[in-house]
Amino acid sequence: MPPRYEYSRSAIQERIDELTGLQAPFGLTVRYAMKANPHSAIIAMMHEGGVHFDASSSYEASELLAAGIPGAHISLSSQQSPHIFPELLSKGVQFVATSLHQLDQFLQEKYRPSEVALRINPDMGQGQIKRLSTGGRSASFGIWHEYIPECLKRCSDAGVRVTRLHIHVGSGADPSIWGEVMDRALSVVRLLPDVTTLDIGGGYKVARVEGEREADMPAIMAAFFEKLTAFASETGRELHLEIEPGTYFIAHAGTLVAEVDDVVDTGAEGYTFLRLNTGMNDFLRSTLYGARHRIEVMNDATETAEYVVVGHNCESGDIFTPAHGNPEEIETVTLKLAQIGHEVRIYDTGAYCASMRARGYNSFPDATEVMVD
Ligand SMILES: Cc1ncc(COP(=O)(O)O)c(C=O)c1O
């Protein structure tokens with residue numbers, strides 16, 4: 001069987017219900033970071049469940065509009081300047097300037113609104129490895145916090161108010177770290193007197209293998225609740241909160257279903273490799289940053305063996321079992337004794353898998369994507 005991604009409707013619905021059921025003291029908007037997985041059925045489920053959207057490019061924003069999502073439900077926070085700025089603004093898409101250049105582009109638009117959002121890099125970054133961190137001096141995301149006065153001056157000269165602040169600093173599961181992120185975000189809000197909405201981004205981690213920690217969303221929201229309430233008592237500013245998870249919404253809902261295409265080894269002192277009929281052209285996370293996923297061989301074997309699981313691409317980095325803490329190395333995993341043709345399931349592959357693959361590499365066709373119950 002060719003490889004396929006299966007997405008569980010019930011698992012997605014569970015997360016929609018959980019996240020839209022959270023409470024913030026002065027209102028909460030839950031956005032789905034669609035880059036995690038833009039499958040049309042998933043977008044439709046999110047919309048029906050009352051979830052709004054975070055788009056990471058103007059192309060994502062136009063896909064959402066084409067799918068019937070109202071512009072007012074879309075926040076556009078993109079590394080690249082929008083390719084169809086006037087159209088997006090006229091449809092009510094909420095623009096977040098992520099650089100001074102983008103802010104200028106917005107200010108020069110003829111039919112722009114008189115309010116804008118800024119993505120600020122608050123000099124704080126979280127992330128398992130450096131490549132996953134989206135804040136701090138080594139990250140190009142957002143406007144460096146020291147340029148806030150310059151942003152305010154340019155906006156004020158153009159008669160525009162900064163009413164929304166966007167901050168996203170990367171992955172984390174620990175509620176106390178999220179409390180620190182909120183403290184830092186609120187210190188930035190203090191510099192932006194017209195801000196009424198704070199988008200604190202995504203990055204709520206999930207546990208894919210033993211030893212990883214799943215974000216405790218009620219505890220994280222409790223930390224946010226306390227900080228926002230205290231801020232309101234001190235300043236009188238009741239901030240509407242936005243969160244925009246991708247991973248937390250969708251990672252557990254996906255399974256990559258593949259097949260053992262070959263079994264090869266490097267002798268008694270070496271390794272036994274399960275070569276699958278899929279690889280980095282469908283699934284890049286392990287190659288890109290050493291992400292580890294639970295893998296299962298679907299047979300009735302009672303015996304197990306130690307395997308390195310690799311992809312079918314002609315590329316030594318095409319691996320499913322990178323070493324823990326060292327993406328440069330491989331690691332064996334204990335799996336049921338496998339033979340050519342046996343089904344293999346790679347779990348928790350709903351987020352940043354189909355959407356972030358090395359598509360077309362070695363001219364392999366894409367794994368299909370199907371919704372299951
Ligand atoms: C601005 C922004 N929002 C939301 C997300 C979603 O993050 P995650 O999927 O880790 O929740 C990202 C991911 O990089 C992001 O850059």
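Modeller: Two residues count as in contact if their C-beta atoms, placed from the backbone, lie within 7 Å. Please keep in mind that this is a predicted model, where local features need pLDDT of at least 70, side-chain atom pairs count only at pLDDT 80 or more, and totals for chains, interfaces and linings use all residues. Residues are numbered from 1 along each chain as its sequence is written.

Colleague: Thanks! Which elements do the buried residues of H3 pack against?

Modeller: Helix H2 (40-48), strand S3 (52-55), strand S4 (74-77) and helix H4 (85-90) are their partners. Helices (H or I, at least four residues) and strands (E, at least two) are DSSP runs, numbered from the N terminus.

Colleague: Which residues of helix H3 are buried?

Modeller: Within residues 58-66, they are Ser58, Ala61, Ser62, Leu64 and Leu65. These residues lie on the same side of H3, because they cover an arc of only 155° around the axis. Just after H3 comes Gly68, with a positive phi of about 90°.

Colleague: What makes Ile84 buried, exposed or partly exposed?

Modeller: Buried takes 20 or more other C-beta atoms within 10 Å of a residue's own, exposed takes 12 or fewer, and partly exposed is in between. Ile84 has 15 other C-beta atoms within 10 Å, so Ile84 is partly exposed. Ile84 sits in the loop between S4 and H4. Apart from neighbours within four places in sequence, Ile84 is in contact with Ser58 and Ser62, two of the buried residues of H3.

Colleague: And how do you know which class Arg275 belongs to?

Modeller: Arg275 has 18 other C-beta atoms within 10 Å, so Arg275 is partly exposed too. Arg275 belongs to strand S12 (residues 272-276). Not counting residues up to four places away in sequence, Arg275 touches Asp261, Asp262, Val264, Val310 and His312.

Colleague: Why are H5 and H6 called roughly parallel?

Modeller: Angles under 35 degrees count as roughly parallel, over 145 as roughly antiparallel, 65 to 115 as roughly perpendicular and the rest as oblique. Helix H5 (residues 100-108) and helix H6 (residues 148-157) pack at about 10°, their axes 11 Å apart. H5 and H6 are therefore roughly parallel.

Colleague: Which residues meet there?

Modeller: From H5 come Leu100, Leu103, Asp104 and Leu107, and from H6 come Glu150, Cys151 and Arg154.

Colleague: Where are Ile84 and Arg275 relative to His168 and Ala33?

Modeller: The C-alpha atoms of Ile84 and His168 are 24 Å apart, while those of Arg275 and Ala33 are separated by 32 Å.

How values were computed
The arc is that of the directions from the helix axis to the C-beta atoms. Axes are lines fitted to C-alpha atoms, for helices over the stretch in contact, and angles run from 0 to 180 degrees between N-to-C directions.
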